[in-house]
Amino acid sequence: MKIGILTGGGDCPGLNAVIRAAVRMGTFHHDDRFVGFLEGWRGLVEDMSMPLDLGAVAGILPRGGTILRTSRTNPAKKPDGLDKCIATLNSHKVDALIAIGGDDTLSVATKLSAKGVKVVGVPKTIDNDLAGTDFTFGFDTAVNIVTEAIDRVHTTAEAHNRVMVVEVMGRDAGWIAIYSGIAGGADGILIPEQPFDVDKVAAKIRMRHARGRYFSIVVVAEGAKFASGKGALVKQNEEIDEFGHARLGGVGNNLAQEIERRTGFETRTVVLGHVQRGGSPTAFDRVLATRYGLGAIDMVHRGEFGKMAALRGNKIVSISLAEATGTNRKVDQEMMDAAFGILEDAEREAVAG
C-alpha cells in the first residue's frame, strides 16, 4: 500500500518516533511505500510533500519536533478545503492516510473519513486531554520538564522567602498541572476543571507562613479560571486560530499580583510556555509513540479506517474517531483527590464549587 502521514497542531516530543515506527513497520513487514505531507493539513490543501523512506527516518527517534513540520491549518474553514485534501491524496495515489494530532487535527480526519477517505488517527497532545485513550505521547515529557522546573524554582523560592506561581499549559484540562504539581511537591494546584477562589489561595499561603514555611509554590494551568471572573479565560489577545481557539496566557501573572496584594508576600511568576513542547522525548514517550506507530500500520492493514489508535490499560486498541474527538478528557475526581489529599485542608477550600 501507499500510505500518507501528516502531523498537525502543536508539536510535541515523540512525533518523529511515530513516523519512524510506521515507516519501518510498513517497509519491513508489508512492503508499503510512504509519502509525508508537510505542515499538517496545509500539506494536503496546498500539495506539499516529501518522500518517507528508511533513510528519511534514520536517527530521528530521539529528536523532538517533527520532520514533517506542522501547522494549525483547518481545511474545513477554507473554500473547498476538504475537497482539495482528497484531490491531493488521489494525485499521490495514496491508499490510506495516518493523521497524527490532537482533537483539532483528528476532527478534520473525522470529516474526511465521512467523505470516504481511508484514515487512521494517532493521538498526540501534551495536554493528555483526548477522550478514549489513557495517555497521549508527549504528555510524559512535558510533565518531566515541568517537574524539573518546579524543583529548581523550589530552591530560589526558599532562598528569598518568595511565593512562586508556575504557569503551565492546559487549556481545557489540568493534567500537566496536577501531575507535575504532585511530582514537584507544589503547595497549590489550580486547574481548568474547577474555578478557584483567590482569597482562599492567599489564606492557605498565609497559614503556611504562620507555621514557619516562608515560601510557597503554586502551579496553575493556563486555562484555570478565577471563581470571581464568571469563568472567563485569561487571554493574550482576542485573536483566534482556525479552530476557534484564543491564545491563552497571563493567568499566572494575574494570580501572582492578587496573591501579593492579599498577603504582602513577594510573589513572582514563571511561565514555562513552549519549553514544555521542546526537546528529546522521555523513554516512556519514545516507547508509547513507537507502539502507536506500529498500531496505526496494523489498523491500516486490517482495514480499520475512521478509527484512532488508543492506549487502554497496557494495550493498543482502536476506537472510533468520533469517540476520540467527541469530548475532552478532563482530570477525574480520583486524580483531584490524590492531589488535594496531600495538601492542607485549606487547599480544598481554595477551589470553588
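Me: What am I looking at, by the way?
Reply: This is a predicted model, where local features need pLDDT of at least 70 and side-chain atom pairs count only at pLDDT 80 or more, while totals for chains, interfaces and linings use all residues. Residues are numbered from 1 along each chain as its sequence is written, and side-chain values use heavy atoms, with hydrogens and water left out.

Me: Why is T133 called buried?
Reply: Its relative accessibility is 2%, and buried means under 20% relative accessible area, exposed over 50%, partly exposed in between (1.4 Å probe, protein chains only). T133 is therefore buried. T133 sits in the loop between β5 (119–123) and α6 (139–160); helices (H or I, at least four residues) and strands (E, at least two) are DSSP runs, numbered from the N terminus.

Me: Which residues does T133 touch?
Reply: Leaving out residues up to four places away in sequence, T133 touches P123, Y292, M308, A310, L311 and R329. Contact here means heavy atoms within 4.5 Å.

Me: Why is the pair of F137 and Y292 called tilted?
Reply: Rings of Phe, Tyr and Trp (its six-membered ring) pair if their centres lie within 6.5 Å; planes under 30 degrees apart count as stacked, over 60 as edge-to-face and the rest as tilted. The count by this rule is seven aromatic pairs. For F137 and Y292 the centres are 6.3 Å apart and the planes 55° apart, so the pair qualifies and is tilted. It links distant parts of the chain, with F137 in the loop between β5 and α6 and Y292 in helix α10 (residues 283–302), 155 residues apart. F137 is buried at 0% relative accessible area, and Y292 is buried at 0% too.

Me: What makes W175 and Y179 a pair, and how far apart are they in helix α7?
Reply: Their centres are 6.2 Å apart and their planes 50° apart, a tilted pair. They are about one helical turn apart, because four residues separate them in α7 (residues 175–183). An α-helix has 3.6 residues a turn, so residues three or four places apart point the same way. W175 is buried at 2%, but Y179 is partly exposed at 27%.

Me: What makes β1 and β2 paired strands?
Reply: Two strands pair if DSSP finds at least two bridges between them. Strands β1 (residues 2–7) and β2 (residues 33–37) have five bridges, in the parallel sense, so they pair. The bridge partner of I3 in β2 is F34.
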